Amino acid sequence: MAFQQAIKGTALVGGGALATVLGLSQFAHYRRKKLQLASVEAADWFLEPQLRELPSREAQLTSLQSTTEFDILVIGGGATGAGCALDAVTRGLRTALVERDDFSSGTSSRSTKLIHGGVRYLQKAILNLDYEQYRMVKEALHERANLLEIAPHLSHALPIMLPIYKWWQLPYYWVGIKLYDLVAGAQCLKSSYVLSKSRALEHFPMLQKDKLVGAIVYYDGQHNDARMNLAIALTAARYGAATANYVEVRNLLKKKDPHTGKLRVSGAQCRDMLTGQEFEVRAKCVINATGPFTDTLRKMDNQTTTNICQPSAGVHIVMPGYYSPESMGLLDPATSDGRVIFFLPWQKMTIAGTTDSPTDITSHPIPSEEDINFILSEVRNYLSCDVEVRRGDVLAAWSGIRPLVTDPKSKDTQSISRNHVVDTSESGLITIAGGKWTTYRSMAEDTIDIAIKNHNFKAGPSRTSGLYLQGGKDWSPTLYIRLVQDYGLESEVAQHLASTYGDKAFEVAKIASVTGKRWPIVGVRLVSEFPYIEAEVKYGIKEYACTAVDMISRRTRLAFLNVQAAEEALPKIVELMGRELNWSEEKKKEELDCATRFLYYEMGYKSRSEQLTPCSEISLQPADIERYKKRFHMFDKEQKGFITIVDVQRVLESVNIQMNQNTLHEILNEVDLNKNGLVELDEFLQLMSAIQKGMVSGSRLAVLMKTAEESLGSRAPIPVDRSCGGL
């Protein structure tokens with residue numbers, strides 16, 4: 001108690017004056033919020049009758065082509081672009097949205113999965129007396145609260161621990177975190193608190209114990225980013241926006257303004273990426289919300305315009321769930337090179353990241369081995385030496401491009417804008433760039449406000465604050481129980497459906513396949529260790545999924561959780577999609593190959609698989625080599641120097657382990673480095689060496705062979721006197 005009183009005293013001395021100013025700010029904000037909620041209630045009453053069934057993609061394409069002229073055409077289907085479409089359509093504007101790839105296929109699906117105000121920005125705001133930084137944090141904290149409210153099925157509050165290893169840092173960070181709570185005011189998720197060393201280790205037992213002083217826990221939000229982005233786009237579609245993915249903008253259309261004689265942007269020449277059909281979409285106002293590709297579209301408007309986007313790559317890795325507690329994250333505020341690393345539970349796995357390094361703009365960013373190892377190194381610094389952080393435990397990795405921008409109207413064009421930038425070109429193209437995931441709604445509101453001002457549209461204020469996204473309105477924390485009771489789904493599957501689709505989960509459950517078992521009654525899984533079911537593939541097509549990549553990465557998050565599991569599920573997914581979309585055998589093969597390449601390069605499978613190559617060293621002790629040779633020869637009884645499926649199957653059957661040939665083929669193929677259909681002794685020793693070094697984990701062949709060896713070794717002959725004389 002005395003210790004906590006001392007800390008609180010320090011906080012009061014350091015933050016008293018600022019608290020007074022912030023308190024007055026909170027009161028004004030409270031009054032504005034009350035007025036805003038009143039207008040939202042009216043907006044909901046006005047909008048509810050317009051909600052409709054989700055149109056098919058074909059119907060949306062027809063709408064794009066047949067509408068004479070839209071008020072707003074948004075280019076880009078990330079969080080900001082979808083947010084602009086939703087904001088515009090709910091104000092009564094005729095709205096269109098086109099996306100070259102899939103909704104959330106870029107930066108918006110590759111985030112840290114946090115909905116946050118920005119603790120670091122607040123620290124800078126206070127230390128540098130920077131009001132812009134403070135205002136940005138204030139706005140983000142308001143948007144954090146709003147996003148948790150409008151999509152409760154996709155988001156939740158998450159406690160994040162800040163471990164302290166120096167005594168002087170405890171009051172320093174405590175003051176900062178308390179001010180973070182104070183700025184949030186009535187929208188503070190939960191109050192932050194201090195933990196002693198023993199309590200910190202109780203919450204986070206895998207934490208590094210040496211020199212640990214204590215910890216501070218604060219709260220931010222966490223969400224399923226790709227599904228959140230999709231929910232925004234689908235909500236816009238339900239309110240009447242013509243939204244279509246896989247529609248590329250080839251050129252911007254322009255026409256002369258009769259009043260000024262200048263050329264004005266008046267739409268876009270588009271191409272359906274799936275059929276090759278080209279068509280024009282006419283609009284009074286065109287909005288560029290293309291994230292990292294901001295400058296590409298700006299140069300389509302004016303070749304001489306200067307670049308404003310400064311792309312930065314952020315790599316994340318996914319590790320098994322046992323690396324972190326189920327419901328608490330970790331923040332490393334000062335890594336070896338000054339970057340911040342988060343270590344967060346997500347979807348029963350653990351996310352670690354992010355890095356921050358300059359990069360070239362590409363549609364297919366690839367996580368580098370250097371960045372993966374940097375994150376692993378930082379994780380090792382914070383976890384107990386009892387926990388071996390292995391490279392082989394990286395189940396997936398991805399790189400996202402953060403589109404940092406400079407304000408084109410700023411005199412200092414080299415300085416990166418901390419907030420978002422809304423710019424209007426001479427021809428009327430409106431560009432929204434920068435910002436962050438959390439503030440997508442306010443970015444969209446600012447953009448549509450400018451569009452309305454520029455074109456004198458008859459539209460009122462934004463109605464998206466407090467407006468439920470698809471699936472959120474009738475969701476409750478106990479909704480999954482009804483799914484279990486009404487449809488006979490497994491509890492884990494029901495929880496997954498409820499937290500992914502919200503009140504639309506019943507639509508997925510209705511089309512779930514019968515299992516043929518006593519329990520669960522329905523819900524055939526795509527892969528055994530994850531709760532994704534076959535019905536989600538069929539439902540995903542209704543949500544505009546067009547490719548196998550859409551399904552494994554954004555309609556489900558399997559590729560982001562475990563690339564090997566995603567690869568295992570791919571054939572079934574392609575078969576199910578092919579049946580629904582009438583794919584030919586050639587098209588199925590093309591989809592399978594494309595999705596496999598996606599996993600290999602963009603989801604870290606390449607980095608993972610390269611941990612074991614034909615050139616891998618065998619660094620084993622002589623005693624280990626003899627032990628592993630003995631294990632190998634239990635399967636290779638003829639001393640051939642290699643083992644086949646038949647050899648493995650024979651030994652497994654002798655210890656009562658049944659396994660079909662297809663599965664065995666997959667297991668051997670993981671280790672068959674020269675792909676000759678055999679596992680040779682050198683390949684097996686390379687595998688065991690890589691496992692010992694922590695470069696490979698979860699090898700099914702290694703586990704099976706060890707299990708078989710132990711089972712055979714425990715089968716000693718039963719003495720005659722123990723077997724009742726053989727009678």
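The legends below describe an overview and close-up views of a predicted model. Residues are numbered from 1 along each chain as its sequence is written, and side-chain values use heavy atoms, with hydrogens and water left out. Because the model is predicted, local features need pLDDT of at least 70 and side-chain atom pairs count only at pLDDT 80 or more, whereas totals for chains, interfaces and linings use all residues.

**View 1. Overview of the protein chain.** The protein chain holds 25 helices and 20 strands, where helices (H or I, at least four residues) and strands (E, at least two) are DSSP runs numbered from the N terminus. Of its 727 residues, 55% are buried, that is, under 20% relative accessible area with a 1.4 Å probe and protein chains only. Among contacts (heavy atoms within 4.5 Å) with a separation of 6 or more, 72% join residues 24 or more positions apart.

**View 2. Helix 3 and its surroundings.** Helix 3 (residues 79-89) is mostly covered, with 11 of its 11 residues buried; Gly81, Cys84 and Asp87 are among them. These buried residues pack against several elements, including strand 1 (70-75), helix 8 (225-238), strand 10 (278-288) and helix 11 (440-455).

**View 3. Helix 21 against helix 24.** The axes of helix 21 (residues 622-635) and helix 24 (residues 681-692), which are lines fitted to C-alpha atoms over the stretch in contact, with angles running from 0 to 180 degrees between N-to-C directions, come within 10 Å and cross at roughly 125°. The two helices are therefore oblique to each other, the class left when angles under 35 degrees count as roughly parallel, over 145 as roughly antiparallel and 65 to 115 as roughly perpendicular. The contact involves, among others, Ile625, Tyr628 and Phe632 of helix 21 and Phe684, Leu685 and Met688 of helix 24. Its residues divide into seven nonpolar, one polar and four charged, where Ala, Val, Leu, Ile, Met, Phe, Trp, Tyr, Cys and Pro count as nonpolar, Asp, Glu, Lys and Arg as charged, and the others, Gly among them, as polar.

**View 4. Helix 22 against helix 23.** Helix 22 (residues 645-654) packs on helix 23 (residues 661-669) at an angle of about 115°, with their axes 10 Å apart. Ile645, Val648, Gln649 and Leu652 of helix 22 meet Gln661, Leu664, His665 and Leu668 of helix 23, a set made up of five nonpolar, three polar and no charged residues.

**View 5. The annotated segments.** An unreviewed UniProt entry lists residues 623-658 and 659-694 for "domain: EF-hand". In the model, the end C-alpha atoms of residues 623-658 lie 31 Å apart, and this span is 64% helix and 6% strand.

Conventions: UniProt positions are given in the numbering used here, feature names are shortened, and annotations may be inferred rather than shown by experiment. Buried means under 20% relative accessible area, exposed over 50%, partly exposed in between (1.4 Å probe, protein chains only).
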